[in-house]
Amino acid sequence: MATVAEQWVLVEMVQALYEAPAYHLILEGILILWIIRLLFSKTYKLQERSDLTVKEKEELIEEWQPEPLVPPVSKDHPALNYNIVSGPPSHNIVVNGKECINFASFNFLGLLDNPRLKAAALASLKKCGVGTCGPRGFYGTFDVHLDLEDRLAKFMKTEEAIIYSYGFATIASAIPAYSKRGDIVFVDKAACFAIQKGLQASRSDIKLFNHNDMDDLQRLLKEQEIEDQKNPRKARVTRRFIVVEGLYMNTGTICPLPELVKLKYRYKARIFLEESLSFGVLGEHGRGVTEHFGIDIDDIDLISANMENSLASIGGFCCGRSFVIDHQRLSGQGYCFSASLPPLLAAAAIEALNIMEENPVHGQRHRVNSGALPGERREVSPSSESTDPVTSEEAADGSMHSAEEALESGHLEDNQHHHLPSV
């Protein structure tokens with residue numbers, strides 16, 4: 001019986017082979033051949049080698065010339081030849097031993113050499129010492145840090161503020177704290193270098209629109225809206241951000257904030273506003289481009305600025321709603337991993353805020369002075385909604401002297417309009 005059963009099974013197998021489609025048999029044959037090859041082939045190949053004598057090895061080592069880590073740079077390169085400043089860089093400045101009129105400083109309100117700031121910093125120095133030697137979350141939070149954050153929040157009329165110890169790291173840390181891989185960021189092509197590094201760190205999808213071109217931005221937003229309708233499930237978890245500067249570092253133009261706010265609500269995006277140059281300069285009280293245009297501060301999701309310009313200190317800050325700012329205390333890399341701002345600089349920034357609040361004419365005087373230089377600067381009216389440049393780009397390119405000529409004539413100007421220090 002067993003023999004008959006075995007014969008019957010073999011017959012069925014043969015019939016199955018005949019009835020099976022040709023491509024099925026070919027596939028099975030290929031798989032069988034591949035398995036046989038794997039079983040009998042060597043897992044690795046021995047590399048052919050020729051033993052060299054010690055002398056031959058030494059000769060090869062002597063002949064080998066490694067490639068330089070960096071390309072060769074001329075010793076005459078401007079970056080390697082510094083202009084040495086002696087004394088405070090206020091309105092008059094001594095550069096390479098020659099006294100000049102200072103048109104190159106970011107000391108917009110002239111507070112850098114203010115005796116009140118010096119006294120506040122000195123008092124804090126005697127009380128707290130020079131530095132902090134620790135980040136904010138690890139014994140680096142001083143009472144003066146909390147006071148400064150409270151003062152900045154009140155001055156900007158927001159719920160909360162957070163300070164960073166390095167101006168560049170402020171917006172570069174804030175962007176990747178919120179925007180992650182898969183999110184979409186619409187950013188102006190003229191954005192400063194700090195914004196660019198923040199976007200790189202976020203690894204988000206970046207969509208560039210032409211400088212201050214709201215039609216181009218709307219086109220990109222519409223295209224994204226159409227894509228979201230094709231895949232609503234993905235759209236529900238994708239965040240959209242618009243990142244702009246209040247006063248652009250690379251062009252000197254003001255962003256059209258009222259139009260940006262309209263697009264924000266129409267296409268459900270979030271606005272991040274970088275105000276390092278406009279803070280302390282634009283607006284009746286120096287609150288920046290939001291005050292300049294009369295925009296409700298709550299319409300902006302996040303405002304960032306550094307304290308290295310108008311406040312004549314170091315570091316930067318972000319302000320906005322409490323739940324937005326608190327997230328940076330856990331995710332802002334520059335906040336979490338850098339030593340906190342030295343207390344003396346925080347105290348100086350508080351005193352600078354005091355002066356701005358007591359005497360808002362500082363910012364107005366700056367705008368008047370900007371318009372007083374014939375053919376090269378234009379005044380920005382506090383109530384104007386114009387986005388014209390504060391600094392005429394054509395004048396900067398055509399009528400300003402080179403740095404060397406400026407030093408020789410005793411007038412130091414920052415004439416490299418597109419190569420200003422990034423913030």
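Two strands are taken to pair if DSSP finds at least two bridges between them, and strands (E, at least two residues) and helices (H or I, at least four residues) are DSSP runs numbered from the N terminus. The structure is a predicted model, in which local features need pLDDT of at least 70 and side-chain atom pairs count only at pLDDT 80 or more, whereas totals for chains, interfaces and linings use all residues. Residues are numbered from 1 along each chain as its sequence is written, and side-chain values use heavy atoms, with hydrogens and water left out.

Within this model, L273 stands opposite I303 in β9. Strand β8 (residues 270–274) pairs with β9 in the parallel sense, over three bridges. Both strands belong to an open sheet of seven strands with mixed pairing, in the order β4-β10-β9-β8-β7-β5-β6. The edges are formed by β4 (160–164) and β6 (205–209); each has a single partner strand, so one side of each is left without a neighbour in the sheet. From one strand to the next, the twist averages 20°, angles being taken from 0 to 180 degrees between N-to-C directions and axes being lines fitted to C-alpha atoms, for helices over the stretch in contact.

Two helices that pack on the sheet were examined. Helix α7 (residues 193–202) touches β5 (184–188), β6, β7 (240–245) and β8, and its direction makes about 165° with that of β5. Helix α10 touches β7 and β8, and its direction makes about 155° with that of β8. Contact here denotes heavy atoms within 4.5 Å.

Helix α10 (residues 257–267) also packs against helix α8 (residues 214–230), at an angle of about 5° and with the axes 11 Å apart. The two helices, α8 and α10, are therefore roughly parallel to each other (angles under 35 degrees count as roughly parallel). On α8 the contact is made by M214, L217, Q218, L221, K222 and E225, and on α10 by E259, L260, L263, R266 and Y267. By class, this contact of α8 with α10 comprises six nonpolar residues (Ala, Val, Leu, Ile, Met, Phe, Trp, Tyr, Cys and Pro), four charged residues (Asp, Glu, Lys and Arg) and one polar residue (the others, Gly among them).

Positive phi values were also found in loops. Most residues other than glycine have a negative phi. N96, although not a glycine, has a positive phi of about 55° and lies in the loop between β2 (92–95) and β3 (98–103). A312, also not a glycine, has a positive phi of about 55° and is placed in the loop between β9 (302–306) and β10 (316–320). N96 is partly exposed, with a relative accessible area of 44%, whereas A312 is buried, at 15% (buried means under 20%, exposed over 50% and partly exposed in between, with a 1.4 Å probe and protein chains only).

Methods
Angles under 35 degrees count as roughly parallel, over 145 as roughly antiparallel, 65 to 115 as roughly perpendicular and the rest as oblique.
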